[in-house]
Amino acid sequence: MEIKIEPRERITVAEIIGNIDSATSPQAQEKLMPLANNKCCLALDLTNCKYVSSAGLRVLLMLAKQFTAQGSTLALAGLCDEVRDVMDMTGFINFFKLYDSIDDVLNSI
Amino acid sequence: MERVDLHPTHNSPCGKYKLRPGKPLPFGATIVPGGVNFSIYSHHATDCTLVLFEKNAPQPTAEIPFPDRWRIGNVFSMVVFDLNYEDIEYGFRMDGPWDPNNGHRFDKTKILMDPYAKVINGRDVWGVNPDWNNIYHHRARVCFDDFDWEDDHPLETPVEDLIIYEMHARGFTKNPSSKVKHPGTFAGIREKITYLKELGVNCIEIMPIHEFDEFENSRISPTTGKMLMNYWGYSNVGFFAPKAGLAATGKFGMQVDEFKTLVKELHRVGIEVILDVVFNHTAEGNERGPYISYRGIDNKTYYLLTPEGYYFNFSGCGNTLNCNNPIVRSMILDCLRYWATDYHVDGFRFDLATILGRDQNGAPMHNPPLLESLAFDPILGKCKLIAEAWDAGGLYQVGSFPAWGRWAEWNGKFRDDVRKFLKGDGSIGAMAQRLQGSPDLYGGEQRGATASVNFLTAHDGFTLMDMVSYNEKHNEANGENNNDGGNDNDSWNCGFEGETDDPHINRLRRKQIKNAITMLLVSQGTPMIVAGDEFGNTQWGNNNAYCQDNEISWIDWGLMKKNTDIFNYFKKIISFRMKHPVLRNRGHFRNCDYMGSGFADITWHGKKAWYVDWSDNHKLAFMLCGKHAKGGKVDDNSVYVAMNMHWQMHGFELPKLPDYISWHVFANTDASPPYDIWEPGKEKKLDNQNEFLVGPRSVVILVAK
């Protein structure tokens with residue numbers, strides 16, 4: 001899995017390419033958690049992420065909670081149907097702000 | 001501050017894994033910092049080896065013996081570091097005596113599943129053919145048991161206020177007519193929550209969701225050519241894991257989160273969850289059955305064995321779990337506590353529960369330690385405990401199940417007596433008992449109406465529509481020459497066996513269904529209905545559809561269209577029961593006017609008010625005084641119910657009310673919809689306050705206001 005972080009005008013975009021599972025979620029946590037400070041906004045672009053496992057869902061949830069605790073925002077964008085469906089069925093979906101695309105995130109801020 | 005006992009201290013013999021001595025508690029596989037703690041007990045094993053697989057791999061990746069010096073008592077435990085939690089499956093090889101006459105069947109060539117496995121792999125998607133050469137079919141996995149419940153908690157709805165709705169997790173939505181996105185799954189049930197709220201039930205009782213093998217005993221039906229499966233699931237592989245094949249996310253191993261989310265969403269709208277649990281036997285069968293878990297771990301401890309070492313069969317399914325053995329008792333307690341704490345489950349219904357009261361030789365006990373432990377356990381203290389108080393060994397304990405004031409029972413006598421009365425063949429003496437919450441059975445100390453779970457239908461037996469459409473069972477599709485399934489159905493086909501176009505017969509059947517649900521819902525005690533009864537679901541006369549994984553047992557939501565009147569009736573009568581606490585007392589009636597209202601809490605009537613001809617078994621009426629609702633603690637309307645199971649119309653003289661109130665009709669099953677039942681609160685005042693003409697085979701409910 002690869003994470004490309006791109007600071008933009010009002011938000012930081014982190015593109016995730018590949019699956020988030022028990023093998024790759026420690027890496028995701030390490031790279032993304034430090035961004036949760038100073039009331040910023042991080043948008044995860046999951047267009048090229050086709051599968052998030054139980055471990056992956058938990059890392060995303062921990063990120064969301066940490067961002068909220070720091071007064072920051074975490075948005076998830078570009079989820080494919082299957083990932084969205086799994087997040088819904090396992091109850092994780094309620095903890096996130098979801099957008100169809102990064103542009104939608106930018107438009108809503 | 002970091003603990004000093006978290007670091008690896010040894011290497012495995014193959015050198016690949018770092019290890020350290022484990023902690024005996026908790027049993028099973030627990031994630032600890034850096035690794036997994038594995039713990040398993042066996043009274044008679046001489047040694048134990050941990051077997052690790054990569055997910056779905058045919059052969060193990062590693063076999064790590066538990067060092068004997070790390071054993072504490074009879075518990076083998078160790079921590080293995082740096083495992084990929086989502087990728088591994090684990091099992092055990094146990095060595096010990098092979099001495100079947102003395103109950104020992106250790107076989108170290110077999111890989112055994114952890115009895116405490118919280119996630120089980122191997123049947124991840126329902127019905128997908130397994131690799132029959134697999135050396136380890138049901139594989140334990142490591143569980144992420146963390147979950148954000150937010151502020152969810154068990155609802156603790158008083159049991160007398162419950163309307164229990166029994167369903168099969170797959171059959172509830174598998175039929176395409178359900179129109180859900182994930183048919184036949186926990187997620188599918190969740191999609192129907194709005195429907196459940198509309199119907200008005202506040203508790204679902206789900207048939208077994210503990211991991212089971214749908215392929216157990218699978219065979220082709222000689223009559224239909226379809227595959228017969230272990231569909232109902234009353235035969236478990238593991239008690240701590242939800243069945244992956246019942247989850248839409250089972251293929252990803254996310255069934256734990258999916259089921260917890262279902263419970264959370266149900267609780268959010270006030271619906272409780274009761275699990276049907278099957279501790280009376282396991283899927284391992286008798287000595288000819290497979291080695292899945294217990295047989296190879298500690299056969300003599302887990303199973304009731306004859307003096308020659310064969311398996312007692314009080315369950316009718318090959319073996320019987322040794323429930324009152326102290327070790328097994330602990331396991332059952334651990335299991336129920338786990339479902340209560342980790343899944344926020346509100347209660348349990350125990351299949352063939354009398355087995356739980358048998359001692360290690362199979363004899364019934366006066367004070368079974370297991371049942372007592374469950375009744376007094378602090379964690380289970382507010383859980384509903386419901387017993388199916390009979391077993392296949394002839395022990396029938398309805399009314400005498402050891403209760404300690406905590407256990408409720410499936411009241412089989414309610415079903416039998418009310419069905420007989422319904423078809424005109426019954427006794428109003430017996431009806432009088434059933435309507436009152438069966439004081440003849442539960443009138444003793446500490447029990448009360450709350451001990452009685454009243455039902456007319458359950459998964460065992462006909463659906464409600466079939467109960468009024470068939471005199472005989474028709475289980476030919478089960479391939480057992482129609483020998484299986486109960487014969488004492490007390491059903492009546494209303495004049496024709498099976499489906500018919502005859503409008504008179506169909507009208508009578510619909511009326512009988514309304515009569516049945518009325519009698520059930522005006523009775524004291526806790527009512528239970530079966531999913532689909534509210535829209536006339538049929539199994540075409542099959543009263544034992546345990547193996548039918550098809551349209552026979554998948555409820556047909558399409559029937560809602562032609563049976564809207566039945567659904568409408570169910571909705572309104574459920575709402576009526578919930579609006580009238582006089583129907584939902586905890587204790588039994590005292591048969592006197594202790595509130596000084598001028599009326600006793602319950603009074604009996606017939607064609608004449610205040611007088612019952614107890615020899616006329618077709619007619620009975622009763623009145624509940626509203627001032628005595630909930631033992632006089634709550635003020636309610638008085639309710640009068642008249643039941644005429646005779647084939648002719650009869651006038652029932654109404655009890656005279658004080659001047660400031662009058663009788664209003666709420667329900668009259670003889671009237672054509674929409675006049676058969678009114679919106680609760682909008683009942684129609686009767687012109688004639690002295691007499692009501694109750695139609696043939698009809699039930700009437702009046703409200704005084």
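I call a residue buried under 20% relative accessible area, exposed over 50% and partly exposed in between (1.4 Å probe, protein chains only). This is a predicted model, where local features need pLDDT of at least 70, side-chain atom pairs count only at pLDDT 80 or more, and totals for chains, interfaces and linings use all residues. Side-chain values use heavy atoms, without hydrogens and water.

**Entry: ring pairs.** I paired rings of Phe, Tyr and Trp (its six-membered ring) if their centres lie within 6.5 Å; planes under 30 degrees apart are stacked, over 60 edge-to-face, the rest tilted. I then picked out B:Trp132 and B:Phe215, an edge-to-face pair with 5.8 Å from centre to centre and 85 degrees between the planes. These two residues are 83 residues apart in the chain, B:Trp132 in the loop between strands 11 and 12, B:Phe215 in the loop between strands 14 and 15. Strands here are DSSP runs of E, at least two residues, numbered from the N terminus.

**Entry: burial.** Is B:Phe215 buried or exposed? B:Phe215 is buried, because its relative accessible area is 5%.

**Entry: a second pair.** B:Trp390 and B:Tyr396 count as stacked because their planes are at 10 degrees, with ring centres 6.0 Å apart. B:Trp390 is buried at 16% relative accessibility, while B:Tyr396 is partly exposed at 41%.

**Entry: charges over rings.** I looked for NZ of Lys or CZ of Arg within 6 Å of a ring centre and within 35 degrees of the ring normal. B:Arg139 sits over the face of B:Phe53, 4.2 Å from the ring centre. B:Lys192 sits over B:Trp557 at 3.8 Å.

Definitions and conventions:
Residues numbered from 1 in each chain as written. Chains lettered and ligands numbered in written order. Helix = DSSP H or I, 4+ residues; strand = E, 2+ residues; numbered from the N terminus.
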